[in-house]
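The sequence and structure are shown first.

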Amino acid sequence: MSDYFNVSDIFGECVFNDTVMQQRLPKKVYQKLKETISEGKELDLETADVIAHEMKEWAIEQGATHYTHWFQPLTGVTAEKHDSFISSPMANGKVLMSFSGKELIKGEPDASSFPSGGLRATFEARGYTAWDCTSPAFVRHDAAGATLCIPTAFCSYTGEALDQKTPLLRSMEAINEQTIRLLRLFGNTSSKTAKPSVGVEQEYFLVDREKYLKRKDLIYTGRTLFGAMPAKGQEMDDHYFGAIRERVASYMKDVNEELWKLGVPAKTQHNEVAPGQHELAPIYEEANIAVDHNHMIMEMLKKVAERHGLMCLLHEKPFDGVNGSGKHDNWSITTDDGINLLDPGKTPHDNKLFLLVLTSILKAVDVHADLLRESAADVGNDHRLGANEAPPAILSVFLGSQLEDILNQLVDTGSATHSLEGEKLETGVKTIPDFMKDATDRNRTSPFAFTGNKFEFRMCGSADSISEPNVVLNTIVAEAFSDACDVLEKADDFDKAVDELIAKNATEHKRIIFNGNGYSDEWVEEAAKRGLPNIKSLVDAIPALTTDKAIKLFEKFGVFTKAELESRAEIEYEGYSKAINIEARAMINITSKQIIPAVVKATVEIADSVIKVKEACGADVSVQADTLTEIQKLLKETKESLKKLQEVVEIAYEMEDGAKKAMYYHDSVMTAMEELRAPVDSMEMIVDKDRWPYPSYGDLLFEV
């Protein structure tokens, strides 16, 4: 790998993108494919055959020997089955290399072992992957060689979505239809499509690989189940935006280069708040492609880390006592001719379309706060949301002083007459030019914040697919737009109806707006007075999927059926129970086989030294004896807590009801895990570091 390269020369070189298609496909074939992508027209098999042939030829030139339908089942990671381009041996001993339109469009992986939540019986194995032509194919280079990866949806034999992509595409169609419907009412006849644009900020930790391999908890669960805080954590704030260490900088350089080759527009990189924590953010893209690219980013972060003797941790809370990792979902709606519906303009009080869009989104978030919260819920995120980190588990919307002032005018008088303007920022340094501030500050404690021309949904977990939050956002906003169109299409006086609808939305849903400190106890009390839900855990959030309100919403727009929603709820209950079961059994294993033996050995050595010192010179050994007594006390607590954890795990394992089982894991097993961790972490602070069986937090966080 060269030290210097031109980004424009390598960007997208491994992608079957629009430029490649224009060069390689016949003009009529290219035009048909573009119509399929932009207008949703069906692609005939003859056209698909031509595309498949050229895609195969291009991939072989890239070194590819195999192709795979790359899809996103409900496991939380991507999946793939590889097939070579070899078709059949010839009489001369050679083989034909072929790839048909049928193979491009449809695949058939065994679906029996993927989560289906009861949609499919185990013996019903057939499932289909279907080519998503809106997301470009790419060639991935790794230890397996080069593989043509074709982004696909994954559905059951009976048509239900078994993946993350299918409902996302459905939700994008829903919001496109309702947005265009709204734009037509405002006289826009030029925009043909409107799609959500998404920018995903990805946080992660890096640790030394050798140290990682000595931590069974990290290997099994992705987070540390034990660990005492080192003398220094993040309290000095010196890691945040600090100079990037050489080893990490080299890693980031390689990650960027690999992502750029795959057409991922990686742009921003920096140190995050916690020691060992970093962030990568790409440029905004169409939601579907942004979701695919985020999966590619997560895979690349992990793959490149191993080359550098590192391990990338994507778990939301790999270390207790320092910040965990999230994933900020920056969301807006953009038309094909470049209109951003969330751009307020210079005088937002006069921008009626923007105000209607804004207040409709407020309505959507208020009405469906439980669904939006559920979309960001997972096992790891339970350690962040509503705990001692941003954002809180309570859904609220930050608008800033300018937009809040406009909404207050609407609520008070029914119309807005002015917009607050930014003031000049004066630094007091003559050599630094003064400049105009934005009209509004930012609020990092808000879970759903307006940030100039987009909303930033800050609740999402770092290891999660970003698909589900965007499915919910797209659908609830589509519903709000639909409701608005239903009113406006019947109005005799359109302008008056728009003004009334904006004021109505602002008045009825102003409770969701909060510009203050989302970390404060006062906000928790205030939110309760406002009637805002405070959903603190995944198991508390899952029921939101199957309420009558949710079923009506998703079925209206064809995003989920009732059966699909019920299946996803069951999958999430089961996934939660399995994850906590693995964590609990890992704690039992580590405590029984590593910690207790190591501490027992240490106490024996201390006891022997006490006896020898006393026999040799009769010296005072009270300090040694006190240390031994303290360790023995903690060791006894550890043994008792271990026994309790073993008991509750066995009870949980035998339970059958999915929801009750998950709740028992949350209430009883997690509590027992915390009780076991406390004495173990205390012993780590007493027992000699050389005798402790695994690397400490200090080793992991600061020695990279």
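Which residue in S8 is the bridge partner of Trp 70? In this predicted model, that partner is Pro 151.

## Strand S8 and its neighbours

Strand S8 spans residues 145–156, and eleven of its twelve residues are buried. The pairing that includes Trp 70 and Pro 151 belongs to strand S1 (residues 64–70), which runs parallel to S8 and is joined to it by six bridges.

Two further strands pair with S8 in the antiparallel sense. Strand S6, residues 127–131, is linked to S8 through five bridges; within S6, Tyr 128 lies opposite Cys 155 of S8. Strand S7, residues 138–142, is likewise antiparallel to S8, with five bridges, and His 141 has Ala 146 in S8 as its bridge partner. Two residues separate S7 from S8, and the two strands form a hairpin.

## Nonpolar cores

The largest nonpolar core contains 128 residues, of which Leu 399, Phe 448, Phe 554, Leu 645 and Val 669 touch the most other members. Helix H19 (residues 562–617) supplies the largest share of this core, with 16 residues.

What does Val 669 touch, when residues up to four places away in sequence are not counted? Its contacts are Ile 580, Ala 584, Leu 645, Val 648, Val 649, Ala 652 and Tyr 664.

Another core, of 29 residues, lies apart from the largest one; Val 255, Leu 259, Ile 297 and Leu 314 are among its members.

Technical notes
Residues are numbered from 1 along each chain as its sequence is written. This is a predicted model: local features need pLDDT of at least 70, side-chain atom pairs count only at pLDDT 80 or more; totals for chains, interfaces and linings use all residues. Side-chain values use heavy atoms; hydrogens and water are left out. Buried means under 20% relative accessible area, exposed over 50%, partly exposed in between (1.4 Å probe, protein chains only). Helices (H or I, at least four residues) and strands (E, at least two) are DSSP runs, numbered from the N terminus. Two strands pair if DSSP finds at least two bridges between them. A nonpolar core is a set of buried Ala, Val, Leu, Ile, Met, Phe, Trp, Tyr and Cys residues joined through side-chain atoms within 4.5 Å. Contact means heavy atoms within 4.5 Å.
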